[in-house]
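Please read it alongside the sequence and the model.

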Amino acid sequence: MHRFRNIVALAFLVNYAWSIPMQLTIRKSTNECFYETLEQGEAVTMSVFILSGAELKATARLEGPIAPASVDDPEELYNLEQKFIRHNALMTVNEVVDFEHMNESEDEEEESSEDEEPIDPDDPDADEKKRMRRQKNREKFMEIKRKKERKRISQHKRILKEGEPFIYTAKAAKAGWYRACLEGTWNQVIAEFEMRKQSRLGHVDEEGHVITWEMKDMLEEDEELEKDTASQEGIKDEDFQATREKVKELRRLLNEIQGMQQKERRRLAMHAETNEHSHSRMVLSSLLETLLFMAVTGYQVYTIRHWFSGAPALGR
């Protein structure tokens with residue numbers, strides 16, 4: 001109870017507590033949550049990257065509203081949260097984030113099959129219609145399978161090769177308090193976790209996700225540069241324009257380098273963890289194989305000795 005109260009209190013006291021992804025240690029079967037007030041139709045983005053753990057796997061949730069936006073008392077918010085019923089919520093996102101196996105979401109929406117009319121057995125073309133229907137269903141199944149495979153490959157490349165976090169964005173159907181939680185469902189994990197809302201950061205990117213704080217800083221600096229004039233700086237206009245463009249370009253390059261460094265750090269951390277897990281599984285597998293071989297060999301020796309002991313003629 002005290003842990004939840006502390007987290008809720010932080011939502012009021014520290015407006016920019018998650019201006020960068022926070023690194024959290026989440027014990028098995030426990031969760032850590034961030035809380036934000038959202039306006040109706042406002043976009044909110046949840047970002048997760050699992051750095052270490054016995055298995056790089058956790059459950060990410062985005063839920064709400066858990067309380068009206070007018071609530072400003074931590075104690076009241078905590079009490080309303082305890083009464084929150086998940087299956088009645090307007091927003092309920094539950095995603096298994098698996099950085100080790102790169103599985104697709106289990107609740108991925110599949111194309112709904114159209115209602116097909118039954119084929120009349122007395123129809124002279126019944127066999128041909130059945131064959132055509134089987135062919136159509138087979139093609140539809142293969143298309144769904146290809147789409148899943150393309151999505152899996154894209155996700156694998158984005159996370160494993162580029163060091164990108166798992167990102168999910170939704171829009172609030174109603175104003176109120178919302179929470180983003182990460183749960184160590186299977187084991188303890190260390191993860192970078194972030195919750196970003198549109199009203200605080202101001203923009204969304206081309207994919208519809210709320211921009212990062214680094215991007216917000218860069219856009220604000222560009223705006224400040226645009227407001228500046230050559231007369232204020234006391235230099236020629238052409239020199240000022242050239243200098244301003246160079247500063248913008250250097251700022252963008254710096255952001256790109258910082259982003260690449262962060263992705264590389266994440267990628268190396270994930271590779272180190274997966275390699276360690278693979279080595280552990282290989283050692284365990286080899287040990288089990290050795291024990292099984294010794295058990296089979298012992299059983300064979302026992303069987304042969306028992307066989308010879310029951311056949312004295314063969315024993316001489």
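## Arg196 and its surroundings

In this predicted model, the side chain of Arg196 makes a polar contact with the side chain of Glu194, at 2.8 Å; a polar contact is a pair of N or O atoms within 3.5 Å, where, within protein, one must be able to donate a hydrogen and the other to accept it, and residues adjacent in sequence count only if both atoms are side-chain atoms. A polar atom of the Arg196 side chain also lies 2.9 Å from the backbone oxygen of Val210. Arg196 is found in strand β8 (helices, H or I of at least four residues, and strands, E of at least two, are DSSP runs numbered from the N terminus).

With a relative accessibility of 5%, Arg196 counts as buried, where buried means under 20% relative accessible area, exposed over 50% and partly exposed in between, for a 1.4 Å probe and protein chains only. Leaving aside neighbours within four places in sequence, Arg196 is in contact (heavy atoms within 4.5 Å) with residues including Ala43, Val44, Thr45, Leu201 and Val210.

## Basis of the model

Residues are numbered from 1 along each chain as its sequence is written, and side-chain values use heavy atoms, with hydrogens and water left out. Because the model is predicted, local features need pLDDT of at least 70 and side-chain atom pairs count only at pLDDT 80 or more, whereas totals for chains, interfaces and linings use all residues.

## Nonpolar cores

The largest nonpolar core has 29 residues, of which Met46, Val48, Ile50, Leu62, Phe99, Leu182 and Phe193 touch the most other members; such a core is a set of buried Ala, Val, Leu, Ile, Met, Phe, Trp, Tyr and Cys residues joined through side-chain atoms within 4.5 Å. At least two residues of this core come from each of several strands, among them β1 (22–26), β3 (43–53), β7 (176–183) and β8 (189–197), and β3 gives the most, with six residues. Another core, of ten residues, lies apart from it and includes Cys33, Ile66, Val71 and Ala89.

Not counting residues up to four places away in sequence, Leu182 touches Ile26, Val48, Ala60 and Phe193, among others. Glu183, whose place is in strand β7, makes a side-chain polar contact with the side chain of Arg61, at 2.8 Å.

## Aromatic rings

The structure holds two aromatic pairs, a pair being rings of Phe, Tyr and Trp (its six-membered ring) with centres within 6.5 Å, where planes under 30 degrees apart count as stacked, over 60 as edge-to-face and the rest as tilted. The rings of Phe34 and Phe193 are stacked, because their centres are 5.3 Å apart and their planes are at 15°. This pair links strand β2 with strand β8, its residues being 159 residues apart. Phe34 is buried at 7% relative accessibility, and Phe193 is buried at 1%.

The rings of Trp307 and Phe308 have centres 5.0 Å apart and planes at 65°, so this pair is edge-to-face. Trp307 counts as exposed at 52% relative accessibility, while Phe308 is partly exposed at 36%.

Helix α5 (residues 213–227) has 15 residues and reaches 21 Å from its first C-alpha to its last, close to the 21 Å expected at 1.5 Å a residue, the expected span being 1.5 Å times one less than the number of residues. Its buried residues are Trp213, Lys216, Met218 and Asp222, and these pack against β8, α4 (198–201) and α7 (237–309).

The 73 residues of α7 should span 108 Å, and its end C-alpha atoms are 107 Å apart, which agrees. Among the buried residues of α7 are Phe240, Arg244, Met270 and His277.
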